[in-house]
Amino acid sequence: MEIPAEDVAPMARAVELAGRGHGTTSPNPVVGCVVLDSAGQVAGEGFHAYAGGPHAEIVALAQAGERAKGGTAYVTLEPCDHTGRTGPCSRALLDAGVARVVIAVPDPTPKAAGGAARLRAHGVEVTSGVLAERAERVNEEWLTYARLGRPHVTWKFAATLDGRSAAEDGTSQWITSPEARADVHRLRAAADAIVAGIGTVLADDPRLTARPSTPGEGPAGVSRVPGVPGIPSVSGITDIQGIQGIPSVPGLPGDRAGDHPRDHPRDHPGNHLGDHPGHHAGDHPGHHPGHHAGDRPRVRVPLRVVVDPDGRTPPSARVLDGQAPTLVAVADDARTGIETDLLPAPGRAAAPPHAPDREAGESSAPGRESGESSAPTHEVDLVRVPRRGAGLDLEALLRELAARGVVSVFLEGGPTLAGSFVGQGLVDRVVAYVAPALLGSGRAALGDAGVRTIGELPRLTFDEISQIGPDLRLIARPNPQPGREK
Ligand SMILES: NC(=O)c1ccc[n+]([C@@H]2O[C@H](COP(=O)([O-])OP(=O)(O)OC[C@H]3O[C@@H](n4cnc5c(N)ncnc54)[C@H](OP(=O)(O)O)[C@@H]3O)[C@@H](O)[C@H]2O)c1
């Protein structure tokens with residue numbers, strides 16, 4: 001598609017603005033909007049900052065005021081056309097008198113789509129598909145969720161240069177540097193759910209909470225290494241663009257909540273979920289990671305998920321300490337009475353909080369989780385999921401998470417569970433922290449993923465290579481596979 005040259009810069013800016021909503025809009029999409037006046041000057045800018053808050057178009061139009069009349073609005077996602085309790089953005093654009101609307105990506109949800117058609121029907125010129133690839137990338141978590149009815153999955157692991165994630169004796173702490181571990185906390189904080197297998201819970205007793213050191217600040221000690229100087233023979237990685245789905249500065253709760261007026265309580269219609277299996281936003285307030293009270297964003301605390309077919313999670317496990325909501329996924333045929341063992345009192349936190357301690361691959365506590373208190377305040381819940389193969393049906397588990405409003409999953413392993421996720425084609429992004437250290441024995445970072453011959457090798461493409469302290473952070477995405485397109 002031929003993109004009018006004058007559309008590139010404003011849409012690129014809209015995409016940049018959309019990215020600022022990362023980590024705070026769930027279960028809504030991230031959306032950015034730029035409004036130019038009839039003379040082509042920027043009149044208003046906005047982004048959707050948090051679920052329940054004003055949509056990007058509303059923020060930008062409010063800023064533009066009268067100058068929007070006869071102007072052009074650039075929106076990264078098709079304006080919603082849902083006549084719910086707050087009225088559609090398409091109507092707001094019409095009321096503002098914009099002459100042209102430029103859209104990057106159409107809204108895939110039947111309920112909210114139709115904004116472009118309504119605008120056209122009212123004589124507004126609509127151009128679609130401008131910088132679509134970039135806008136897809138910035139919103140990839142939500143688009144995965146909306147199109148596939150399951151959360152977007154990022155598998156993170158820490159490994160030595162020879163690809164080992166634990167030593168022969170099972171120890172895996174401190175493979176990577178404190179800087180890398182702090183970065184993990186920032187990525188955790190931007191996710192809706194942090195998932196680990198029972199093997200990891202039994203081996204490391206991790207807390208699986210997000211404890212970013214300085215909320216709102218970018219990662220310390222991060223230097224991008226496009227092309228990795230000194231390794232010139234690595235072909236195709238000479239000019240890697242920063243991945244937009246992984247914010248270098250994650251949109252941590254509170255870091256820009258005050259940037260935008262909150263006097264337009266236009267929730268995204270049905271949170272865009274009305275026609276998706278994940279449409280239960282708000283049905284599970286105890287576990288809804290993006291839940292907001294009133295018109296203010298509430299502090300998000302990622303849901304901890306333990307994949308534990310037979311309910312082997314010890315009652316004393318840190319994941320049951322009430323410091324964050326926890327969901328234990330057991331098999332649908334797991335023994336009866338398991339609920340009573342894991343959930344001592346219905347709807348109440350289980351184990352008392354531990355004294356701050358260390359866990360696998362994490363620093364001792366660079367800071368407290370936003371909103372973390374010493375008293376257990378979050379619930380532990382249990383869900384039964386069908387078995388599949390040697391474990392649980394992971395697709396069914398992901399659909400269950402989507403039903404709880406989980407748009408993005410941060411999978412922390414271990415290798416066995418990660419192997420199943422990869423084998424079932426359920427990993428959308430890989431974040432590897434690679435330490436300049438060698439083990440030579442011990443666990444490989446990835447367990448059996450069902451690859452038996454080199455011809456079956458799942459191929460990925462690097463999106464970013466960064467140096468974090470002494471370690472490398474590699475971000476890659478699976479190459480599209482026929483029949484598995486999103
Ligand atoms: N360096 C790192 O980044 C990192 C990260 C995490 C863990 N680790 C290390 O990895 C080790 C633990 O990993 P692990 O591989 O033993 O355990 P794991 O992957 O954490 O958990 C495996 C268990 O998950 C359950 N499971 C449920 N559904 C499954 C499915 N569909 N596929 C596979 N498993 C499923 C099974 O439990 P049942 O057996 O009860 O059926 C299985 O045994 C520890 O040494 C830990 O330190 C390292």
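Guide: Helices here are DSSP runs of H or I with at least four residues, strands are runs of E with at least two, and both are numbered from the N terminus. The model you see is predicted, so local features are described only where pLDDT is at least 70 and side-chain atom pairs only at 80 or more, while totals for chains, interfaces and linings use all residues. Residues are numbered from 1 along each chain as its sequence is written.

Visitor: Why is Trp174 called partly exposed?

Guide: Trp174 has 16 C-beta neighbours inside 10 Å, and the term covers what lies between buried (20 or more other C-beta atoms within 10 Å of the residue's own, placed from the backbone) and exposed (12 or fewer). Trp174 therefore counts as partly exposed, and it sits in the loop between S7 and helix H7 (178-190).

Visitor: Which residues does the cis peptide bond with omega of about 10° join?

Guide: That bond joins Ser26 and Pro27, and Pro27 belongs to the loop between H1 and S1. Another cis peptide bond, with omega of about 5°, links Gly413 to Gly414, and Gly414 lies in the loop between strand S15 (408-411) and H11. Most peptide bonds are trans.

Visitor: What makes S2 and S5 edge strands?

Guide: The open sheet has five strands in the order S2-S1-S3-S4-S5, with mixed pairing. Strand S2 (42-47) and strand S5 (125-128) each have a single partner strand, so one side of each has no neighbour in the sheet.

Visitor: Which residues are closest to the ligand, and how many surround it?

Guide: The ligand is surrounded by 33 residues, the closest being Gly197, Gly199, Gly391, Gly414 and Ser420; a residue is near a molecule if its C-beta atom, placed from the backbone, lies within 6 Å of it. The largest share of this shell, five residues, comes from H8.

Notes:
Pairing = 2+ DSSP bridges.
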